[in-house]
Protein chains: 2
Amino acid sequence: MDIREYMLAMGKAAREASVTIRRASTELKNDSLHAIATEILANRDRLMIENEKDLVAGRESGLSDALIDRLAFTDASFSSMVEGLQQVANLQDPVGEISDLAFRPNGLQIGKMRTPIGVIGIIYESRPNVTIDAASLCLKSGNATILRGGSEAIHSNRALAGCIAAAVTRSGLHPAVIQLVEHTDRAAVGELVKMDRYVDVIIPRGGKGLIERVMRETRIPVIKHLDGVCHVYIDADADREMAIAIAMNAKTQRYAVCNSIETLLVADAIAPDVLPELATRLRDAGVELKCCETTRKILSNICETAIATEDDWREEYLGPVLAVRVVPGISEAIAHINEYGSQHTDTIVTRSYASGRRFMTEVDSSSVLINASTRFADGFEYGLGAEIGISTDKLHARGPVGLQGLTSEKYVVFGDGQVRQ
Amino acid sequence: MDIREYMLAMGKAAREASVTIRRASTELKNDSLHAIATEILANRDRLMIENEKDLVAGRESGLSDALIDRLAFTDASFSSMVEGLQQVANLQDPVGEISDLAFRPNGLQIGKMRTPIGVIGIIYESRPNVTIDAASLCLKSGNATILRGGSEAIHSNRALAGCIAAAVTRSGLHPAVIQLVEHTDRAAVGELVKMDRYVDVIIPRGGKGLIERVMRETRIPVIKHLDGVCHVYIDADADREMAIAIAMNAKTQRYAVCNSIETLLVADAIAPDVLPELATRLRDAGVELKCCETTRKILSNICETAIATEDDWREEYLGPVLAVRVVPGISEAIAHINEYGSQHTDTIVTRSYASGRRFMTEVDSSSVLINASTRFADGFEYGLGAEIGISTDKLHARGPVGLQGLTSEKYVVFGDGQVRQ
């Protein structure tokens, strides 16, 4: 069978399965999730053997140590997959929730019911445990899923998909509720993103190259985020210690994550007070600074700094580098963030009611925080229980996307025979 | 200036304007809406003269009487535009509403704030009062708007845009908050839908050809509905009189609207009881019937009927034609609707608790009703106050789209210095 036919058959099966999973009871979906966990534990040895094949192939093809690490199954991978499945099973089922149900003057009672979207295509790279994370969230939200993992994890993913298929079928769900694309050819992605008849939404998870390719090739709605150029703005009125603690945490708690900051903005009134200590602590943590002229003057006796260019304000370093800019005040900080940021996550540190209110209203990002680290922008920290990713799109889901973002809403109307006049 | 540059300049201006309208106060936006109404009334004579130019051109180019009627300004058009503006001014401002605000264990208070989307492109045909309807909803929801009306209404639209510009500028809003594309060349649409840097969402309003063209050419998110193939299903357990009244209303109250039904489904147990009277009344109303074999047998002594083909189940007649099919029961009715329908609006008439519950859960349409006419699927009837259209998409807005559908939500987080461990 050629790739086109292979993918179309998969799409058709997913559409059929979506009709059954959409009306599956919460109990049945939870049983399936627990069954997948049981199956993974029961097949641990086989999963390790298959994973080893990927590791060998990866080393042969010269994958970096960091990528090999992400690929490898460890005790921690197994506990995390099993715990993840149990957590998703414990989450409240969003399907069928009715909100805003109210009577109209004519006696019609109108509200919105949360429904599955239908078929979700997930395209991801490297870490094979995404197979389990994504499958579990899509299943719990009543969707059929087509998973397309990276070729470097194909043996691991196939083995995991085998566990899923066995568990799903045994618990009585349609076997095509969760399918894995076993073709490792890049053309399979091309076909997947073209099947708008069978796929309702595409979620790409991976590097910018992957996401840009998907966006270029598809007309199916995409839930994604491209960049995480996040900011902390230290307002003139900020508490000094809080400002330093939040800026340090937002930059250094982890580097390679999208909700760490890339640029620090500081109001000029407070800059001489906070920047020297902050720069010292950042330097001690090994962070390289790229600074505006004013910042460089303030820090001239403290440490070496590089000059920030226009490009630095748009750069997602994803590492121990921080751009620093002194601004006259909150207006310029908001303008900077809306101009150079990626509408991901931005924080103000302030004691001013007016500044907090303005920042919250005018910063056009998926998460806007006052007096808290940007590192909290995350489905678990926000209490969603789990996340499929963070969306910087404005339509549908924005910010951390959990079960709710994997559902739609339809209007439901309860009448007693009303006809329109 | 060529069309490309002209459109890019418009997009850039709209993006600039969106930054100001996003933070405009409710009072300022309402003042603008009232100012537009005042301006329209003050320029009534000029508007009539410009409208006459469109009518003359329309008659010369052979537009149908129906289209000329839709184009013509009448007393009713003026009252409807002015009342519409006042109604939108009276609606609650959705921007800034915060929902689901709750404390996390670490003291962070997290919720979602409703925000404008940014820049909305509206592409529409014929009726010039859409210029005012669309502009008012987008303005109230804090968005900048680029309007692209049909060439047949260009003089009327230009005159209306003149009123809008005068009112908007006088009330102190950015002049590019609402812009009209004055190029009547079709290439302008092509440019508009390509400006993903400046336009956040495209709303096409018009015939299927227009909507399909937009979908083909754009990668910008689209809010749209293509077809309205709506159904009434009369369950075995239906109240006979209610069933007949709802079916009649859903078909005959208006023909050329998307929420009228195109197919009637009847459970076989009740078909001999309801179909003869219903067919008689439909015939008296001038409705042509296209029927399945069983229906034809039941009606053989009542009236002439045509045979329904497979194509009839997918057809949107938008006129006095109704397809009728007898089905064994609710399972087949739901399967028919999900297979042949357009996921727009569907009703069950039943006295059965179980049937109502199943229909509501399993019919995958933007509006699902029990014991009420499909004709209620409408922003005004649902209490949204106004609507920009009805969406049959599943992502973002689904069903009638009012002010809320023209907004997005961002996460807002109120902290006291929390950093992530």
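Select Leu318(B). Leu318(B) sits in the loop between β10 (306-307) and β11 (321-327) of chain B. Helices (H or I, at least four residues) and strands (E, at least two) are DSSP runs numbered from the N terminus. This is a predicted model, in which local features need pLDDT of at least 70, side-chain atom pairs count only at pLDDT 80 or more, and totals for chains, interfaces and linings use all residues. Residues are numbered from 1 along each chain as its sequence is written, with chains lettered from A and ligands numbered from 1 in the order in which they are written.

Check the backbone of Leu318(B): phi is near 50°, a positive value in a residue other than glycine. Most residues other than glycine have a negative phi. Leu318(B) counts as partly exposed because it has 14 C-beta neighbours inside 10 Å. The cut-offs: buried means 20 or more other C-beta atoms within 10 Å of the residue's own, exposed means 12 or fewer, and partly exposed is in between, with C-beta atoms placed from the backbone.

Next, go to Gln343(A). Gln343(A) lies in the loop between α13 and β12 of chain A. Its phi is near 55°, also positive in a residue other than glycine. Gln343(A) has 23 C-beta neighbours inside 10 Å, so it counts as buried.

Now select helix α13 (residues 330-340) of chain A. Its buried residues are Ile330(A), Ala333(A), Ile334(A), Ile337(A) and Tyr340(A). They cover an arc of only 160° around the axis, which puts them on the same side of α13(A); the arc is that of the directions from the helix axis to the C-beta atoms. Which exposed residues does the face turned away from the buried side carry? Ser331(A) and Glu339(A). The buried residues pack against β7 (230-234), β8 (261-267), β11 (321-327), β12 (345-349) and α14 (353-362) of chain A. Contact here means C-beta atoms, placed from the backbone, within 7 Å.

Move to Ile234(A). Leaving aside neighbours within four places in sequence, Ile234(A) is in contact with Ala243(A), Ala247(A), Val266(A), Ala267(A), Ile270(A), Val274(A) and Val349(A). The largest nonpolar core has 250 residues, of which Ile234(A), Leu192(B) and Ile234(B) touch the most other members. Such a core is a set of buried Ala, Val, Leu, Ile, Met, Phe, Trp, Tyr and Cys residues joined through C-beta atoms within 7 Å.

Show both chains. Chain B can be laid on chain A with an RMSD of 0.0 Å, by a turn of 180° and a shift of 0.0 Å along the axis. The two copies are thus related as by a two-fold rotation axis. Superposition is by least squares on the C-alpha atoms of residues with pLDDT of at least 70 in both copies. Select His396(B): of the residues of chain B, its C-alpha comes closest to the rotation axis, at 1.8 Å.

Colour the contact. Chain B gives 54 residues and chain A gives 54 residues. On the side of chain B that touches chain A, β16(B) gives the most, with 11 residues. That side divides into 22 nonpolar, 19 polar and 13 charged residues. Ala, Val, Leu, Ile, Met, Phe, Trp, Tyr, Cys and Pro count as nonpolar, Asp, Glu, Lys and Arg as charged, and the others, Gly among them, as polar.

Last stop: Ser391(B), in strand β14 (residues 389-391) of chain B. Ser391(B) has 22 C-beta neighbours inside 10 Å and so counts as buried.

Notes
Contact = placed C-beta atoms within 7 Å.
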